[in-house]
Amino acid sequence: MRRSSARLLTLGLVALLLIAAAALALVRNEPEIGIAPRSTKPKLMLVTTLPLMFPEEFSLEGGGSKALEALETRYLVVPLGTTDARSLGQGRILLMAHALPQPAQSLVDLDRWVQRGGRLLLLADPKLDWPSKRPLGDKLRPPPSFADTGLLAHWGLQLVRSTSDGGVSGKVGPDPVLFSSPGAIRKGRADCELEAKGIIARCRIGKGRVTLIADADWLNVDDRPEGEGRDEGLGFLLRELARLER
């Protein structure tokens, strides 16, 4: 009888220990229940005049562009006003999509940021075909051409306007990309690789890297149905940023 009682007591203690362990496990896991895991997306800083973040008419209906939706699948998009040192300190990757001319000090800060290891995807369109409902001269209308204020020349690059207008299909990676009146890039002393007949230049600038694309219209995919260059354009955007992350 004594052995049976001792055995029952031992089994009871084991059961209590198992219940206690299960309860402790539940307590430890409770804070994670119903809470999304912390995001590991890198920050992508964005400077642009194009209607990527908001519709051109600033309507409260609808969200951002298809390009923004694609970017947000992989990045935490942080819009910037200028490329000053304080703003650039927020991240390591920057997308400048047909941006306004930057103040002189911001250009100095941008160059320094790249030289120290920053990654820049720069869309510099010498002839923008992107349609706009805003009248010419409106400050909120994207400028008709990219204004190079000396930064490209400082990096040993030259942006040349195309002599022909209209769509140009360029093979970049696995898919064709539809450009519109793209320019061409010429390199002088720059350490760059040119692709797509000079529409794209991938360069090493100091410790950093810059991908320059002489067109921005390929990013206007919102009005394109599937199968007419929309997915290819968005894929191209994400692939170029992924290249810069390496």
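A disulfide is a pair of cysteine sulfur atoms within 2.5 Å, and by this rule the count here comes to one. You're looking at a predicted model, where local features need pLDDT of at least 70, side-chain atom pairs count only at pLDDT 80 or more, and totals for chains, interfaces and linings use all residues. Residues are numbered from 1 along each chain as its sequence is written, and side-chain values use heavy atoms, with hydrogens and water left out.

**The overall picture**

- The chain has six helices and eleven strands; helices (H or I, at least four residues) and strands (E, at least two) are DSSP runs, numbered from the N terminus.
- Out of 246 residues in the chain, 42% count as buried. Buried means under 20% relative accessible area, exposed means over 50%, and partly exposed is in between (1.4 Å probe, protein chains only).
- Take the contacts (heavy atoms within 4.5 Å) between residues at least 6 apart in sequence: 68% of them join residues at least 24 apart.
- The chain's accessible surface is about 14400 Å², and 56% of that belongs to carbon and sulfur atoms. Accessible areas come from the Shrake-Rupley method with a 1.4 Å probe, and for residues only the protein chains shown count as cover.

**The disulfide**

- C192 and C203 are the two partners, with an S to S distance of 2.0 Å.
- The torsion about their S-S bond is about 110 degrees, so the disulfide of C192 and C203 is right-handed.
- C192 sits in strand β9 (residues 191-195) and C203 in strand β10 (residues 200-205), so the pair ties together parts that are eleven residues apart in sequence.
- Both ends are tucked away: C192 is buried at a relative accessible area of 5%, and C203 is buried at 3%.

**Salt bridges**

- Side chains of opposite charge can pair when their charged atoms come close.
- A salt bridge is a side-chain nitrogen of Lys or Arg within 4 Å of a carboxyl oxygen of Asp or Glu, and the structure holds six of them.
- One of these pairs E245 with R74, with the closest N and O atoms 3.3 Å apart. E245 is in helix α6 (residues 230-245) and R74 is in the loop between α2 (66-72) and β2 (76-79), so this pair ties together parts that are 171 residues apart in sequence.
- E245 counts as partly exposed, at 28% relative accessibility, and R74 is partly exposed too, at 32%.
- R202 pairs with E195, and here the closest N and O atoms are 2.3 Å apart. R202 counts as buried at 16% relative accessibility, while E195 counts as partly exposed at 23%.
- R202 also pairs with E240, with closest N and O atoms 2.7 Å apart. That pair links distant parts of the chain, with E240 in helix α6 and R202 in strand β10, 38 residues apart.
- E240 and R202 are both buried. Salt bridges that share partners join E195, R202, E240 and R243 into one network.

**The cavity**

- On a 1 Å grid over the protein atoms alone, a cavity is a set of points where a 1.4 Å probe fits but cannot get out, and lining residues have an atom within 4 Å of a point. Grid points are joined across faces, edges and corners, and a volume is the space filled by probe spheres set on the points.
- There is one cavity of 30 Å³ or more, and the largest cavity has a volume of about 110 Å³.
- Of the 13 residues lining the largest cavity, M96, L107, F146, T149 and L151 are the closest to its centre.
- Helices α4 (104-115) and α5 (151-154) are the elements that give two or more residues to that lining.

**Residues to look up**

- H98 has a phi near 50 degrees, a positive value in a residue other than glycine. H98 is in the loop between β3 (93-97) and α4, and H98 is buried with a relative accessible area of 0%.
- A196 has a positive phi as well, near 55 degrees, and A196 isn't a glycine either. You'll find A196 in the loop between β9 and β10, where A196 is buried with a relative accessible area of 17%.
- S87 lies in helix α3 (residues 85-88) and counts as buried at 15% relative accessibility. Leaving aside its neighbours within four places in sequence, S87 is in contact with M45, L80 and T82.

Key:
1 Å grid on protein atoms, 1.4 Å probe; cavity = no way out; pocket = protein on both sides within 12 Å on 5 of 7 lines; lining within 4 Å.
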